[in-house]
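Please find below a colleague's note, written for a reader who is new to protein structures.

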Amino acid sequence: MTTAFTNAAVWTGAGAVRDATVLVDGEVVLAVADRDEPLPAAARIVDLAGGVLLPGFGDGHAHPVFGALEDDGPAVRAARTVDEVVRVVRDFAEAHPGPDWVVGASVDRSLTADGNFDARWLDAVVPDRPVVLRASDYHTVWCNTAALRAAGIGPGTPDPALGRIVRRDDGSPLGTLLEWGACDLVLDRVPPPSPAALRRAVASASTRCAAAGLTWVLDAWVDVTSGVVDAYLDAVAAGETSARFDLAFRVDPREWREQVPVIAAARARVEAAGLGDRLRARTVKFFADGIIESATAALLDCYCGQDGDRGMPMWEPAELAAAMAVFDAAGMRTHVHAIGDAGVRSALDAVERVADGNAWWDRRPTITHLQLVDPADVARLARTGTIANFQPYWAQWDEFQTNLTGPLIGDRVDRQYAMATVHACGARVSFGSDWPVSSVRPLDGLRTAVTRKRSGSSSPPWCPEERLTVAQALTAYTAGAAYQAADEDRRGSIAPGMVADFVHLAADPFAVDPDSLDTIEVLGTWVAGRRVAGQD
């Protein structure tokens, strides 16, 4: 049966918003017709009652399971002071008595002057059970003394490879662990979520994504032995998900060779499940470096006030290229976290080496975050065919920039998130959220990409020359994401022959005040012609 989506303006992904009717046959768009053209006699009418219909949004870098699992722990994300975090943890521990660990996320690191937290602050309210709180950056863990003790971390514990233990002046561990080499010392001791909890998290995350207008999401941190693959397989097969997911398996520089057959087996299991494009596992994730706020992002020049410290590269350059080449040869796409300009350069060097050494195929490498890109490397993104996956919501001046980032990089602050510069060089640009690090809503990222300001701020834009137009930002969320997913011939626009992935907005994003883009309501989301969010 033909379905007619009518009584709304349409942005097809190109050109201007116009009054039109979109005709759909099953999962596929038949036509985009003028509003006054007669409808097929037997067409089922979907009266959108105003607003604008757009191609469904994509998220090229998120952590959906992490985001949903936060609901199972203390609600520390909303806390605006350290004392408030501590009260929330105390209340949660009292409401959930017993010997179990108290596990939560996402604490705002800008609540302290240096982004670090003391175990004794948690000891004051929960002295007898381990407490582990991930910071909102997910590169930092705050522990109480019981958790440090359970992990065997004491004054004599050396910094592990690829991590740092923050210490007091006397050498004892403060309670803050940086990067996953250190964080895993504690996280590996935390009882893992049950299979049922992981499956619920997948389903819950899918519901939230669909409500935000998302029709495709890359889960950019799947530990292959964590049970997350099973959770996705079970939830998708049972029809508990609506958004489509791609899984990106985290590759560990300390054991990547051993991971190769394990990741290949996990990918084969997903493919054998026969779930089509509802669940795919075609990507591997590398961390080239850490984050600026911890001085672990890899920089070309030193951090301010830290003579000689240029951060923490997670891979030796030759080893990163070798690992990427092995997975690339197996037909897996590479997705590289790179925050600092040295991290971005290392990732680009590896991309070039892989292309030079491996047979050609449509590999579409992605570098994500790109907080700092050296001007000499901007053109390399386009030349190497590398997709630049930005998190546009980060391009605002906030407490992180004031308290943590700015003091560490000095006059480099205005080189951050150079989205317009990268776009102008001809590189492919896609957008992601990094949820739960930041908001899962594309409309929040859209506002920031266009204004370079915080929501509700009356301050001038930060680096206004790096603002994108509404069309450029929407394209990064639609056609850009579809290209990253290697689906641009089927998704990312509204046109005959394309899959009917739509998002219905209450207002025209091209017509509203850019500062209010994040207030537009998502009225409905459709995946392959089926409504998955909103009400008929």
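This is a predicted model: local features need pLDDT of at least 70, side-chain atom pairs count only at pLDDT 80 or more; totals for chains, interfaces and linings use all residues.

1. The nonpolar core. The largest nonpolar core comprises 111 residues. Phe249, Leu279, Phe286 and Phe431 have the most contacts inside this core. Among the contributing elements, helix H7, which covers residues 228-237, gives the most, with 7 residues.

2. Phenylalanine 431. When residues within four places in sequence are left aside, phenylalanine 431 is in contact with Gly58, Asp59 and Gly60, among others. Its contacts also include Asn389, Phe390 and Pro392, as well as Ala473, Ala476 and Tyr477.

3. Helix H10. Does the length of this helix agree or disagree with what its residue count predicts? Helix H10 runs over residues 341-357, and at 1.5 Å a residue its 17 residues should span 24 Å. The C-alpha atoms at its ends are 24 Å apart, so the two values agree.

4. The buried residues of H10. Several residues of this helix are buried, including Asp341, Gly343, Ser346, Leu348 and Val354. The elements that cover the buried residues of H10 include helices H9 (317-329) and H11 (375-383). Strands E15 (333-338) and E16 (366-369) are also part of that cover.

5. An aromatic pair. The search of the whole structure finds 18 aromatic pairs. Tryptophan 397 lies in the loop between strand E17 (387-390) and helix H12 (399-409), while tryptophan 462 lies in the loop between helix H14 (442-451) and helix H15 (470-477), so the pair ties together parts that are 65 residues apart in sequence. Tryptophan 397 is partly exposed, at a relative accessible area of 35%, whereas tryptophan 462 is buried, at 8%.

6. A cluster and two arginines. Phe66, Tyr138, Trp180, Trp221 and Phe287 together form one aromatic cluster. Over the ring of tryptophan 221 sits the charged end of arginine 134, 5.9 Å from the ring centre. Arginine 364 lies over the face of tyrosine 483, and here the distance to the ring centre is 4.0 Å.

7. Asparagine 116. Is this residue buried or exposed? Asparagine 116 is placed in the loop between strand E7 (102-107) and helix H3 (119-123). Its relative accessibility is 13%, and therefore it counts as buried. Beyond residues up to four places away in sequence, asparagine 116 touches Arg109, Trp121, Val166, Leu174, Thr176 and Leu178.

8. Cis peptide bonds. Alanine 105 and serine 106 are joined by a cis peptide bond with omega of about 10°, and serine 106 lies in strand E7. The bond from tryptophan 435 to proline 436 is cis, with omega near 10°. Proline 436 is found in the loop between strand E18 (429-431) and H14.

9. Positive phi angles. Leucine 162 is not a glycine, yet its phi is positive, at about 65°. This leucine 162 is placed in the loop between helix H4 (145-150) and strand E10 (164-167), and at 16% relative accessibility it counts as buried. Histidine 369, also not a glycine, has a positive phi of about 90°. Histidine 369 is found in strand E16 and counts as buried at 2% relative accessibility.

Methods
Residues are numbered from 1 along each chain as its sequence is written. Side-chain values use heavy atoms; hydrogens and water are left out. Rings of Phe, Tyr and Trp (its six-membered ring) pair if their centres lie within 6.5 Å; planes under 30 degrees apart count as stacked, over 60 as edge-to-face and the rest as tilted. Helices (H or I, at least four residues) and strands (E, at least two) are DSSP runs, numbered from the N terminus. Buried means under 20% relative accessible area, exposed over 50%, partly exposed in between (1.4 Å probe, protein chains only). A charge sits over a ring if NZ of Lys or CZ of Arg is within 6 Å of the ring centre and within 35 degrees of the ring normal. The expected span of a helix is 1.5 Å times one less than its number of residues. Contact means heavy atoms within 4.5 Å. A nonpolar core is a set of buried Ala, Val, Leu, Ile, Met, Phe, Trp, Tyr and Cys residues joined through side-chain atoms within 4.5 Å.
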